[in-house]
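I opened my notebook to look at how the parts of one chain sit against each other. Here is what I looked up, step by step.

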Amino acid sequence: MTKKLNLLIAASEVWPFAKEGGLADVVCALAREFEKSGHYVRVVMPKYGLIDKEGFNLKKLDVILKVHMGVLGIIECALYEWRIPNTNIPIYFIDRKDMYDLDGGIYADKNGEPYLNNDNRFVLLSRAALELCKMLEFKPDIVHAHDWQTAAIPVFLNTIYKEDTMFRDCASVLTIHNLQYQGEFYAGLMDVLGIGRVHFNAEELEYYGKVNLLKGGINHADFITTVSENYASEIQTEEFGFGLNGVLTKRKDSLIGVLNGVDYELWNPQTDTYIVQNYSKDELTAKGVCKAALQKHFNLPQKSHVPFLGLITKLVKQKGIDVFAETVCQLLEHDIQLAILGSGETWANFFFGDLNRRFPGKVGCYIGYDETLAHQITAGVDLLLMPSRFEPCGLNQMYCMCYGTLPIVRAVGGLNDTVINFDEHTMEGTGFKFYELTAEALLNTINWAMHIYYNRNEMFKKIMLKAMDMRFTWENSAKRYEEIYFQAIKKKRD
Ligand code: ADP
């Protein structure tokens, strides 16, 4: 029988309390899987003002958590507790109004400007997570930190908490969900961290004269993981390394890619409550009903034979939407339909939002966030576009395959790991890939997929059926993390 671990997960987002990206889902899903395996899990995150507004009635604990913040002195925090939904896992919320109860989102104000005290907000979270363990007398075997916001934890464990009996045997794992965001701040943050300026050097936290929290975490964590195997290799290159490729390459023996999973209770055409009719591999006619319903939703002609393409994404450069914008008008000269759901950069909101006026009867677009529509597009279109510039894991390609909707992806990061490029000779594959991020390569690949859709219908259907068989479960991901935890503990003790 495997040893049961005490596991602390610290993150800036946890579903359903606060979410901006995949991170929130990962934390919740992993915590659930670890509980199923019998581990003792505790989760900690900030108590953002928006959590109350969402109607969560967290329980206030009758304690004050005192957290040393270097030159800022001792910061007193209140503490709230709740449970991860459908589990017995306690989740603790660090409450400090001037840090977390701000008027805006998780990281930025109403105008999208990052909060000026983001450095202190997340250094506080990192240190409070460790003080919380002491208060709870919860001696962790592993602390699992996520992204730059909690990357100071491995640094703290190797410095001020190194000799602390509570943490002497505790190993750390840091997961990078997107290397683009690194938590880079002025050098004075060293004095808030309170670990001593000796750690302000190129082998630890210093990066071109600034403090780079993610770099510190990478250098100090026992293991570093990221959310797909391919992304783990890519981030060691200049193209995808965002300046930290050298740092990551140095730690390549402790850098592992673990693919995110899919919550098949939410994303499954057989049970999905958002779509007009459920369907399965054996009963695909209802997928046609979903297509017709989506066409109706967007006031498009209800033609079953027209290839219907979808795009569900943040409209930001990372997603390659600038390259898609270059091709889309040429694409729309064909007899096709396009459904777009997303929001992001101002130019993109205007450009894509205006397409249905320019190409009436061909484009449906909603600029904004809409969970229901995301499911309906996933089920209703024939092909889903993901021309990402880089993609740590990517979820939509995994979701859409389950719905028999074929992904057209750029072969990067997790997109490359999860989609099998269609091979006309072996007739095997689950989608269509292109390599160069150019308008020409994207257009050629869309044309290739449309050719198969129009002229090789049986082949297209075969790819659909194969795609629907693909499974990316959280159970598998959690097993990989568990192996890494045991390796990390061993490394720490050796
Ligand atoms: P990222 O986290 O980088 O945005 P992922 O592909 O990992 O990209 O995850 C995106 C998730 O967000 C998917 O579940 C997708 O369906 C959802 N999503 C993105 N934009 C929207 C939107 N405008 N409305 C609804 N869901 C969206």
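I began with the spacing: the C-alpha centres of domain 1 and domain 2 lie 34 Å apart. I kept in mind that this is a predicted model.

Next I checked which stretches belong where. Domain 1 takes in 6-261 + 474-493, and domain 2 covers 285-469.

Then I asked myself how many residues of each domain are in contact. I found 17 residues of domain 1 in contact with 16 residues of domain 2.

I looked up the buried area too. The two domains bury about 1,100 Å² between them, and 59% of that is on carbon and sulfur atoms. On the domain 1 side, Asn230, Phe240 and Leu259 lose the most area to domain 2. Together these three residues make up 32% of what that side buries.

The rule finds one salt bridge across the interface of domain 1 and domain 2. I also looked up Arg410, which forms a salt bridge with Glu239. Their closest N and O atoms are 3.9 Å apart, and the cut-off for a salt bridge is 4 Å, so the pair counts.

Which helix gives the most to the side of domain 1 that touches domain 2? I found that helix H8 (residues 229-234) does, with four residues.

Last, I sorted the residues on that side of domain 1: five are nonpolar, seven polar and five charged.

Terms used: Residues numbered from 1 in each chain as written. Predicted model: local features only at pLDDT ≥ 70, side-chain atom pairs only at ≥ 80, totals over all residues. Heavy atoms only, no water. Domains from an automatic or database assignment. Contact = heavy atoms within 4.5 Å. Buried area = accessible area lost by both parts, 1.4 Å probe. Salt bridge = Lys/Arg side-chain N within 4 Å of Asp/Glu carboxyl O. Helix = DSSP H or I, 4+ residues; strand = E, 2+ residues; numbered from the N terminus. Nonpolar A, V, L, I, M, F, W, Y, C, P; charged D, E, K, R; others polar.
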